[in-house]
Amino acid sequence: MPPEAHDRSRVEVRRSARRSRTVSAYREGDRTVVLIPARMSHAEEQRWVTQMLEKLAAQERRRILGDDALMARARELAAAYLDGRAQPAQVRWVTNQNSRWGSCTPSEGTIRLSHRLQGMPEYVLDYVLLHELAHLLVPDHGPAFWALLEAYPRTERARGYLEGVVSAARLPHIPGARHGTPGEDPAASCG
């Protein structure tokens, strides 16, 4: 993404006297937070913001699978967790699913995943893919369906993550409010 394509109005720069050399950045909702040393000049700040926006965008592009890679991942998951019994005819991203994460048409063998999953942790994407693959074998959400997902060790964690995303989307956004502190492992770090 060229630097001029970045939306700088959604960038928050946080200066810290305790930060001496490192610069890091992470996404926080629809904003990007860039953490820099307090002593940095305005010109250095602008250079680092540009660099960190480019770095985050590159990381996000690497995390987004194309439709072919998505199909390959679905086949790997079916082999690993469903004894290879679920064989989709097509797996693809769609942009018209805003109220659910994925859908499956068992009669056609097609699986569609919401574009909103792009950039989420791999285990979450794997869970949604497995969920839809299981629908190729069991179309409802009865006990037989959930028994298929028991083999995947991160089912509950992924479901919790998705529930958190849904809940966070319902929270009011208060401009200028701090929404927590960055974790020990921010999305990008340079120094």
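Analyst: **The core and its helix contacts**

Of the 191 residues in the chain, 39% are buried, where buried means under 20% relative accessible area, exposed means over 50% and partly exposed lies in between, with a 1.4 Å probe and protein chains only. The model is predicted, so local features need pLDDT of at least 70 and side-chain atom pairs count only at pLDDT 80 or more, while totals for chains, interfaces and linings use all residues. Residues are numbered from 1 along each chain as its sequence is written, and side-chain values use heavy atoms, with hydrogens and water left out.

The chain has five helices and seven strands; these are DSSP runs numbered from the N terminus, helices being H or I of at least four residues and strands E of at least two. Their order along the sequence is β-β-β-α-α-β-β-β-α-α-α-β. A contact means heavy atoms within 4.5 Å. Among contacts between residues at least 6 apart in sequence, 51% join residues at least 24 apart. The accessible surface of the chain is about 11100 Å², and 50% of it belongs to carbon and sulfur atoms; such areas come from the Shrake-Rupley method with a 1.4 Å probe, and for residues only the protein chains shown count as cover.

In soluble globular proteins, nonpolar side chains tend to be buried together. A nonpolar core here is a set of buried Ala, Val, Leu, Ile, Met, Phe, Trp, Tyr and Cys residues joined through side-chain atoms within 4.5 Å. The largest such core holds 32 residues, and the members that touch the most others are L113, L117, L129, L133 and L162. Two or more residues each come from α2 (67-81), β4 (90-94), β6 (110-114), α3 (122-137), α4 (143-149) and α5 (155-170). Helix α3 gives the largest share, 10 residues. Leaving aside residues up to four places away in sequence, L162 touches W101, L117, M120, V124, Y127 and V128. A second, separate core has 11 residues, among them V23, V34, W48 and V49.

Next come the helix pairs that involve α3. The axes of α3 and α5 come within 9 Å and cross at roughly 100°; axes are lines fitted to C-alpha atoms, for helices over the stretch in contact, and angles run from 0 to 180 degrees between N-to-C directions. That angle makes α3 roughly perpendicular to α5, a class that covers 65 to 115 degrees, with under 35 counted as roughly parallel, over 145 as roughly antiparallel and the rest as oblique. On the α3 side the contact uses Y123, V124, Y127 and V128, and on the α5 side T155, R157, A158, R159, Y161 and L162. These residues divide into seven nonpolar, one polar and two charged; Ala, Val, Leu, Ile, Met, Phe, Trp, Tyr, Cys and Pro count as nonpolar, Asp, Glu, Lys and Arg as charged, and the others, Gly among them, as polar.

V124 counts as buried because its relative accessibility is 0%. V124 touches L117, A158, Y161 and L162, again without residues up to four places away in sequence.

The contact of α2 with α3 has nine nonpolar, no polar and three charged residues.

Strand β5 (residues 102-105) includes G102, which counts as buried at 10% relative accessibility. Beyond residues up to four places away in sequence, G102 touches Q97, R112, L113, V128 and E132. G102 and H131 are 29 residues apart in sequence, and their C-alpha atoms are 8.5 Å apart in space.

Two loop residues complete the account. H141, in the loop between α3 and α4, is partly exposed, with a relative accessible area of 46%. H141 touches H131, H135 and W146, not counting residues up to four places away in sequence. D83 lies in the loop between α2 and β4 and counts as exposed at 66% relative accessibility. D83 has a positive phi of about 50° although it is not a glycine.
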